[in-house]
Amino acid sequence: MEIKRKPFQGVWNILLFNWHYYAILLLFIALAVAFAYLFPSQFQPWKVYILAFVAISSLLSLIVSYWIYDRSNLYSFPLIEHLDNKQVLNIHAGFDETSALIQSKFPTANLTIADFYDPLKHREVSIKRARKRYPNSPNCKAVDPLNLSFQNNSFDCILVIFAAHEIRNEEERVVFFKELKRVLKPEGEIIVMEHRRDWLNFLAYQIGFLHFYSDRQWRRIFKEAALNLENATKQYGLITTYKLKKYGISH
């Protein structure tokens, strides 16, 4: 039976996991309105412009997120194909909203689920809230991203969906991708999906785009891990899917 995401699931999760940010924003707006009402002569127009910018930019981020995560076909994974009857590793960082969908799309895939979340390293409160609300499935395996507990050449395909950027240290990211290469079969493929630190993601998420990495950074990581980039496909202008191989011609 095909699994479908609930309406507004993406936006609701953003609000749920980051409610402190929106609570502070609403408090800021309420205080600004009260100040303008009580001291109208001291509330210059530029303060109104700043207030409007903050409110509109936050609303725009939610609208963009709704478009991508709730209205698009992102979670039907159109760029992920032919996983049936293959050994597949789906590795995430504390919040797994893809494994059930992948298994539903490829019911005969032998899916291994791994989580490299470490509360001592990954201190983002949003991840902690996500993990608490959506606990890992019982068959999820906790792993160290610097020393994956799998045999060499174990998987036909490795999926890393919106997770690799959570490894904030660049040297550790290189080691992580070297480990992915080690456990990948010779003809296997690694699929990485990420937002990029570019102008479109800046327009959509403002300062939040700093949590992502640029295309140049990702390509440097892949090169240092001795992985070959087969192609990089942009989706909806904001997400890039990288397909990597052990061997071949790097683009």
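**Cysteines and core**

Modeller: Cys157 counts as buried, at 3% relative accessibility, where buried means under 20% relative accessible area, exposed over 50% and partly exposed in between, with a 1.4 Å probe and protein chains only. This is a predicted model, in which local features need pLDDT of at least 70 and side-chain atom pairs count only at pLDDT 80 or more, while totals for chains, interfaces and linings use all residues. Residues are numbered from 1 along each chain as its sequence is written, and side-chain values use heavy atoms, without hydrogens and water.

The closest cysteine sulfur to that of Cys157 is in Cys140, 17 Å away, too far for a bond. Cys140 is also buried, with a relative accessible area of 18%. The structure holds 0 disulfides, a disulfide being a pair of cysteine sulfur atoms within 2.5 Å.

Leu83, Ile80 and Leu159 touch the most other members of the largest nonpolar core, which has 32 residues. Such a core is a set of buried Ala, Val, Leu, Ile, Met, Phe, Trp, Tyr and Cys residues joined through side-chain atoms within 4.5 Å. Among the elements that each supply at least two residues of this core are helix H3 (45–71) and strand E4 (155–161). H3 gives the most, with 4 residues. Apart from this core lies another, of 31 residues, including Leu89, Ile158, Ile167 and Tyr242. Helices (H or I, at least four residues) and strands (E, at least two) are DSSP runs, numbered from the N terminus.
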